[in-house]
Amino acid sequence: MEINKDLVAASATPLVLAILSEGDSYGYAIIKRVGELSGGELAWTDGMLYPILHRLERNGYVKAIWGESETGRRRKYYQLTKAGAEHLERQRRQWHLVDLALRASGSSPSTRHRKKDDDSHAGG
Amino acid sequence: MTSEAALEQRIGEWRNYFRTRQAVHSADVAELEDHLRSQIDALRQAGLDEDEAFLVAVKRLGSLDTVSHEFAREYSERLWKQLMVAPAAADSGPAGRSGGVLAVALAVGAAVAIKLPELFGRSIMGGDTDAFFYARNVTLFVLPFLAGFFALKRSLHKTGWTWLLFPFIAAALIMNVLPFKVDHQTTILAIIHLPIALWLLTIGFAYIGGEWRNHAQRMNFVRFSGEWFIYYVLTALGGGTLIAFTFFIFNAIGLKPDDFVGQWIVPCGAAGAVLIAAWLVEWKKSVIENMAPVLTMLFTPLFTVLLLVFVGTIIVTGNAIDVGREVLIGFDLLLVLVLGLLLYSISARDSHAPPSRSDRLRLALLLSALVVDGLALWAIAARISEFGFSANKTAALGLNILLLINLGWSAVLYMRFLAKGGSFTALERWQTSYLPVFGIWAWVVVALFPVIFKYQ
């Protein structure tokens, strides 16, 4: 299933934060974990993760630490901060709400009304 | 080459390619490289060979343009080139910093040197004799440090150092042994021309590390001089602000800092800034756009219009140029300015580029300047017998003729270039060959004019 580009972009931040809430990690491992969690359906362009991580770092949601890989290579690790954990919690609630609304919408036909430009928002 | 080594080489190329992007710093490249290598390792374990693994990993990382575009969005401030806040230690080589220590040390040296005569009873704010002493020698307290800065930075050879030393000793002897008299024409001429003579020949020699035959290096010295001037003016503006606040805050507590400002801040600051400006230009030359060509680009059309309108006005009104006292000097300065506009546009021009509209504009500027100066010279020639040849007039006339030759031949070379196309190098070469002529002329005014005109 192809996931819409806007949705991929919007979900990137909570996903990265969620993965970091499992423990400190680094870019390549985060990408791999995203693949595992989504059963390979969510595929990012790998390079795009880094600007996102750096933005999270700037916002104070994660902390970056230079360390070493198993083979002794320089590697940048990321760690979730307290502010990041709180942000993740808020995001989770928001996504949950959207999910609930989407599920509910199918079952009660009375609430259905279409706006003309609904479809034009779908593109990337 | 083993396939491992080939892989390393390709990763190296990839890394260097990424580093050319302004918004991506070397720490980011290191992070991406770790990702690339992890990906390659994983792919190879899955059975791909080095080549395949590299290609797939690079592809997954995303195209250089998209990734650096994302970085640029995240770090928009990185698109402003910053000189002082070196991004990552690896980006600013050790050259800048060690040059900085040297420059600051020499700037302090120049500031001390300018105060040194106080030990022998000369005061910067002293009487007429002291003022006269400083006026004659101020160049000699500062420029040797600048020459030394470049000589050290370029590791000048031993004979080069002698060539640097000799002009300064000669200048010191001329300025202090010859019987100059206060406020006489030859004295003032010598004081004005000495820095020009030393700058063009001696500082130039030091700047290009003694390779005085190298025309490309001479052009670099031209670029340096323009940037240095701009940086010096900017530093002076900052200094002015500092002084204004010094007065303001001390006046507020009822103290008058006049002596401190006049004796210390102004002379030491002005001397030290010569070195600091030079170091800044050296450091920033590859980091920040050169300003002189930008200013040139802005003002070339404006001056062209000004001169064309001026010529038109003369034709319409029939007014001749009134040869007053300052007219010749004024037209000299005009030609110097036109030469500057020409020189700095050449310095930034790609010598292989074909003729363009701005080339035609510059030719128009040259020709109108030549016409205007021709009119001025015509007016002067008609009344030269009335004036006689005083030192001032000879100096102004001599410089005018030198500039006229330079710009006249430049115009010819420009017309040839526009007519035939081909390479621009002839004009560049003419300008760089001509540079020492101005230096030699300045030395003539410093050293020979006093004798010829009997210290008038």
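Trainee: How far does helix 15 of chain B reach from its first C-alpha to its last?

Mentor: Helices (H or I, at least four residues) and strands (E, at least two) are DSSP runs, numbered from the N terminus. The expected span of a helix is 1.5 Å times one less than its number of residues. For the 30 residues of helix 15 of chain B the expected value is 44 Å, and the reach in the model is close to that, at 43 Å.

Trainee: Which pLDDT do local features need in this model?

Mentor: Residues are numbered from 1 along each chain as its sequence is written, while chains are lettered from A and ligands numbered from 1 in the order in which they are written. This is a predicted model, in which totals for chains, interfaces and linings use all residues, side-chain atom pairs count only at pLDDT 80 or more, and local features need a pLDDT of at least 70.

Trainee: What covers the buried residues of helix 15 of chain B?

Mentor: A residue is buried if 20 or more other C-beta atoms lie within 10 Å of its own, exposed if 12 or fewer, and partly exposed in between, with C-beta atoms placed from the backbone. Among the buried residues of helix 15 of chain B are Ala395(B), Leu399(B), Leu403(B), Leu407(B) and Tyr414(B). The elements that cover the buried residues of helix 15 of chain B include helix 8, helix 12, helix 13 (357-382) and helix 16 of chain B.

Trainee: At roughly what angle do the axes of helix 8 and helix 15 of chain B cross?

Mentor: Axes are lines fitted to C-alpha atoms, for helices over the stretch in contact, and angles run from 0 to 180 degrees between N-to-C directions. The axes of helix 8 and helix 15 (residues 391-420) of chain B come within 8 Å, and they cross at roughly 35°.

Trainee: Which residues of helix 15 of chain B make the contact with helix 8 of chain B?

Mentor: Two residues are in contact if their C-beta atoms, placed from the backbone, lie within 7 Å. From helix 8 of chain B the contact takes Gln185(B), Thr186(B) and Leu189(B). On the side of helix 15 of chain B it is made by Ala391(B), Asn392(B) and Ala395(B).

Trainee: Which residue just after helix 9 of chain B takes a positive phi?

Mentor: Within helix 9 of chain B, the buried residues include Met219(B), Phe221(B), Phe224(B) and Trp228(B). The buried residues of helix 9 of chain B pack against several helices of chain B, including helix 10 (258-284) and helix 11 (291-317). Just after helix 9 of chain B, a positive phi of about 75° is taken by Gly254(B).

Trainee: Which element of chain B gives the most to the side that touches chain A?

Mentor: The contact takes 18 residues from chain B and 15 residues from chain A. Elements giving two or more residues to the side of chain B are helix 2 (26-45), helix 3 (50-61) and helix 4 (64-74) of chain B. With nine residues, the most is given by helix 2 of chain B.

Trainee: Is Glu41(A) buried or exposed?

Mentor: Glu41(A) sits in the loop between helix 2 (27-37) and helix 3 (49-58) of chain A. Glu41(A) and Glu2(A) are 39 residues apart in sequence, and 7.4 Å apart in space, C-alpha to C-alpha. Because Glu41(A) has 11 other C-beta atoms within 10 Å, it is exposed.

Trainee: What is phi of Asp183(B) near?

Mentor: Asp183(B) is found in the loop between helix 7 (158-177) and helix 8 of chain B, and it counts as exposed, with 10 C-beta neighbours inside 10 Å. Asp183(B) is a residue other than glycine, yet its phi is positive, near 65°.
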